[in-house]
Each structure stands twice: as C-alpha cells, then as structure tokens.
Amino acid sequence: MLTFDKVSKHYKTADGTVKALDAFSLTIDAGAFAVIKGPSGCGKSTLLLQAGGMLRPTEGSVSVNGQDLYALSNRERGDFRREHIGFVFQMFHLLPYLTVRENALLSAPTKASEVDGLLERLGLSERQHHLPSALSAGEKQRTAIARALLPEPALVLADEPTGNLDPENAALVMQYLADYQRAGGTVVLVTHGTDGDQFATRSINLRGGTLETDRHAP
Ligand code: ADP
Ligand code: MG
C-alpha cells in the first residue's frame, strides 16, 4: 500500500544540509493502522509529507498502491493524491472563509449527498454553516477529518492530529480514524502520545531519520 524505498531527504539551510531521512525503507500493508513515534525532529513529518505526495525525496522512491508518486508530473500527482490519499494536520489547515460544510466538500465537490451523513457522524450537523473562526479546536479537527475522509481515500495520513485537542476530542478523532481502518482503510498516524496505541496493528519508532524499532501487533 505504502512503500518507502531507500528514501533520503536532505534540507539545504543557511547552516548547511540537514539529513532528515537517511536511506529509509518501509512497507505498510493495506488495512494497517500504523502508529509512528519518535522524538521531535526525527523526521516524522518529513516522512508523512513524502507519503502524501507533498515533498519530493532527495533520493529513493515513495509508492502508494504501486504508484511511484514522484515519477508523476505535479498535476498527475495532485490528481492521484485527491483520489487516493487523505491528510489530517495538527493545525487543521481549514480555509477560513468557507463554512464547515464547504471545507468538507473541498476534497470531493461532487459528494454533496454524502457530506451530510458524514458531518452527522462527526457531530457537526449543528455547526455545518459556521466558519472555522466560530469553532472549537475539536470541531475544527473533526471538520478536517470530514474533508480527509469524504473522498473515501485508500490511505489516510495524520500528523499529530490530536496535538491541539482536549482529551475528549482527541479520543473522538482517534476513534474515527480507527473506524475508518476497520472499514477497510489504511491509516498512518504520527503521534507523540499513547492515544493510538490501542488501535495500532503496527508500531514504528524513528530516531534520527532511521527506523529504530518496528513491531507488528500480536
Ligand atoms: P518531526 O516531525 O519528527 O519533528 P521533521 O520531519 O519536521 O521532524 O524534521 C526533521 C528534521 O528536518 C529536523 O531536523 C528539522 O529541523 C529539519 N527540517 C524539517 N523541515 C525543514 C525545512 N523545510 N528546512 C530545513 N530543515 C527542515
Ligand atoms: Mg512533525
């Protein structure tokens, strides 16, 4: 489903080159709930952005469903991403001038008939005509989850999605991701906390841009 083949990422900065990932290889099977942890700066976000088609590796290849993402043109990669990949960010990344419903529909404008049910399940029906500025953090992230899941992507990538949430909303967000995986999706979660552990079928620890440990759930 998701394959990293000898991926390196070097960022050029004023102080020199930062090696965020170093010959990193990993395969995550379809249907997994993979939890990735590691200290700040170990390359978690770099890895996830690359998996999402948003950051080209310096070396190596990243494939989703057998498609080498960076062999595609920018336009083809954008199309592929919209069809196959949902992304949830720690800071929500909602468009401030669109309502909850409009933000959710951004990812799949033709799914107007499905969006209401999804917003209902996420507890957002009453909020659907509000702008993000009128929402709590939990409501913002649930809106972002709606946007990520509406196209029914095969792969959902979430980068510390509960980092700005209270415990109750963090648990809700985790449960939605777990439900999506149980329904057949593949989820890759980056987190600091332990909130994804109970759902993990795969637990991966990164350190300094390389794999430290990699465990399949018993
Ligand atoms: P994590 O998400 O695990 O905290 P990141 O993937 O964000 O780690 O970062 C890995 C390393 O790459 C860190 O040393 C970070 O400072 C560096 N880095 C990340 N993004 C950039 C960038 N755009 N430019 C330069 N260095 C970066
Ligand atoms: Mg990060």
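A salt bridge is a side-chain nitrogen of Lys or Arg within 4 Å of a carboxyl oxygen of Asp or Glu. By this rule, the count comes to eight salt bridges. This is a predicted model, where local features need pLDDT of at least 70, side-chain atom pairs count only at pLDDT 80 or more, and totals for chains, interfaces and linings use all residues. Residues are numbered from 1 along each chain as its sequence is written, and side-chain values use heavy atoms, with hydrogens and water left out.

**Arg127 and Glu139**
- Arg127 pairs with Glu139 in a salt bridge, with the closest N and O atoms 3.0 Å apart.
- Arg127 sits in the loop between α4 and α5 and Glu139 in helix α5, so the bridge ties together parts 12 residues apart in sequence. Helices (H or I, at least four residues) and strands (E, at least two) are DSSP runs, numbered from the N terminus.
- Glu139 is buried, at 14% relative accessibility, while Arg127 is partly exposed, at 27%. Buried means under 20% relative accessible area, exposed over 50%, partly exposed in between (1.4 Å probe, protein chains only).

**Glu152 and Lys111**
- Glu152 forms a salt bridge with Lys111; their closest N and O atoms are 3.4 Å apart.
- Glu152 lies in the loop between α5 (137-149) and β7 (155-159), and Lys111 in the loop between α3 (100-105) and α4 (112-121), so this pair ties together parts 41 residues apart in sequence.
- Glu152 is exposed, at 54% relative accessible area, whereas Lys111 is buried, at 16%.

**Glu212 and Arg207**
- The side chains of Glu212 and Arg207 meet in a salt bridge, 2.8 Å from N to O.
- Glu212 is partly exposed, at 43%, and Arg207 is partly exposed, at 47%.

Note on methods. Chains lettered and ligands numbered in written order.
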